Amino acid sequence: MKYCVLIIDGAAGWPLPEHGGKTCLELAHTPNLDAMAKESVLGLAQTVPEGMEPSSACACMSILGYDPKVYYQGRSAIEAKSMNIPIEDGEAIFRCNLVAVRDGKMWSYNSGHISTNEAQELIAVLNKSLGSNKVQFYPGVSYRHICKIKEHEDALLATCTPPHDIPGKSITEFLPHGPGSNILGELMAKSEIVLHNHPVNVARSSHGDIPATMIWLFWGSSKIPDMPTFKQLYGLNAALTSGVDLLRGLAQTVGMTVLNIPGVTDNLDNDYAAQAVGALESLKMNNMVVIHVETPDEAAHAGAIDAKIEAIHKVDMEIVSQLRSWDKNSLRVLTMPDHATPIRVQTHTAEPVPFMLWGPGFISNGAKRFTEAEAKSTGILIEEGYNITGKLIE
């Protein structure tokens, strides 16, 4: 038996009044997901434990079968793992977004999805101007980067707000505050001076693109605790494909093989078909493959209803169709979002998300579509979401 976990990041959401009270999952044309739903066990799973942040790190850790209450110490250190950034005891790791602020308000949490090449140039100049033996910036993908701070472990006590939580809002009340926040605020303020009129930003503005006006530090975390490998826990060799450092770092942390498939990105230009082909090809060497698709979440953060619907449709047509056409007698599939990202709030929420278990041994429990409402109607709720992996492979 082979296994596949398909994580459609942020695909779940809330009813949209302007679209007849339907969610994006309900509005999307998903013939393959719906055909599988009629042959599957559907239900809801609580991937984010009560009181914990509804981040992809916490939620995806649940989907991979690890209890976040035991292993989750913050998101940034997991991303740093993927980037091969060494972390010692006492060091603080922060996500460092390149953002755009205009008239004191959060204009863009991703600087208009700045390109990786442009971003790397800006991170290099930030390192030159603000870096030291205590502060180091590391370039990532597009707007997502890492800042490592030494000898200021108290910075982890600061209250920080993700920039994608405050679109269009004044940033003043959301700047880092509380114990340990001084160094974070200083770096963010100084970054505005460094980035102002930088040639990359001048060029972006001249082309009508959004410039990166400052850095935003959040999601502080310390060194990742030791975690048992996936094979130790579940007895399976596993691989993962994703366009984001977070999932790749999580995979490395638990001993999964990270697949480098050309064309796999974190945005609307993701090559879904290639991602599916590469993932299924990896099953020749592995018992399980995890396919993580970031696109619906990115669209939801931008408040782009049509883009989120289109992303879900492409997952259905270019990934799910390939899963259905694989050897049905030897493949079990778990499909689910990690968390909801409702268009109305443009950020993550912590309510239970729909899951679908399909393949040999799973018998339909009456659902007709893969949607939030259909999953809820089955009456099944897995209260500790990390148990979902065990149900897939039992």
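Which side chain meets arginine 144 in a salt bridge with an N to O distance of 3.5 Å? That would be glutamate 294. Keep in mind as you read that this is a predicted model.

Arginine 144 sits in strand β6 (residues 144-149), while glutamate 294 is in the loop between β10 and α12 (295-301), so the contact ties together parts that are 150 residues apart in sequence.

What else joins in? Arg144, Asp266, Glu294 and Glu298 are linked in a network of salt bridges. Three of these residues are tucked away: arginine 144 is buried at 7% relative accessibility, glutamate 294 is buried at 6%, and glutamate 298 is buried at 3%.

For another setting, take glutamate 281 and lysine 284, whose side chains meet in a salt bridge at 2.8 Å, N to O. Glutamate 281 is partly exposed, with a relative accessible area of 44%, and lysine 284 is exposed at 61%. The structure holds 14 salt bridges, including the ones described here.

**The open sheet**

Now for the strands. An open sheet is built from 8 strands with mixed pairing, and the order is β9-β8-β10-β1-β11-β12-β2-β13. β9 (257-258) and β13 (381-382) stand at the edges with a single partner strand each, so one side of each has no neighbour in the sheet.

Here are some of the pairings in this sheet, each with an example of bridge partners.

| Strands | Sense and bridges | Example partners |
|---|---|---|
| β8 and β9 | parallel, 2 bridges | leucine 240 and valine 258 |
| β8 and β10 | parallel, 4 bridges | threonine 241 and isoleucine 291 |
| β1 and β10 | parallel, 6 bridges | valine 5 and valine 290 |

Is strand β10 (residues 288-293) enclosed or open? It is largely enclosed by the rest of the structure, because 6 of its 6 residues are buried. Met288, Val290 and His292 point one way from the strand, while Val289, Ile291 and Val293 point the other way.

**Other covered elements**

Strand β7 (residues 214-221) is mostly covered too, with 7 of its 8 residues buried.

Among the helices, α3 (residues 56-63) is mostly covered, as 8 of its 8 residues are buried. They are Ser56, Ala57, Cys58, Ala59, Cys60, Met61, Ser62 and Ile63. After α3 comes glycine 65, which has a positive phi, near 95°.

**A charged patch on the surface**

Which residues form a negative surface patch? They are Glu88, Asp89, Glu153 and Asp154. Aspartate 89 is found in the loop between α5 (76-82) and β3 (92-102). With 65% relative accessibility, aspartate 89 counts as exposed, in contrast to arginine 144, which is buried at 7%.

Notes. Residues are numbered from 1 along each chain as its sequence is written. This is a predicted model: local features need pLDDT of at least 70, side-chain atom pairs count only at pLDDT 80 or more; totals for chains, interfaces and linings use all residues. Side-chain values use heavy atoms; hydrogens and water are left out. Patches are made of residues with over 30% relative accessible area and no salt bridge: like charges are joined within 9 Å, nonpolar side chains (Val, Leu, Ile, Met, Phe, Trp, Tyr) within 5 Å. Accessible areas come from the Shrake-Rupley method with a 1.4 Å probe; for residues, only the protein chains shown count as cover. A salt bridge is a side-chain nitrogen of Lys or Arg within 4 Å of a carboxyl oxygen of Asp or Glu. Lys and Arg count as positive and Asp and Glu as negative; His and the chain ends are not counted. The place of a charge is taken as NZ of Lys, CZ of Arg, CG of Asp or CD of Glu. Buried means under 20% relative accessible area, exposed over 50%, partly exposed in between (1.4 Å probe, protein chains only). Two strands pair if DSSP finds at least two bridges between them.
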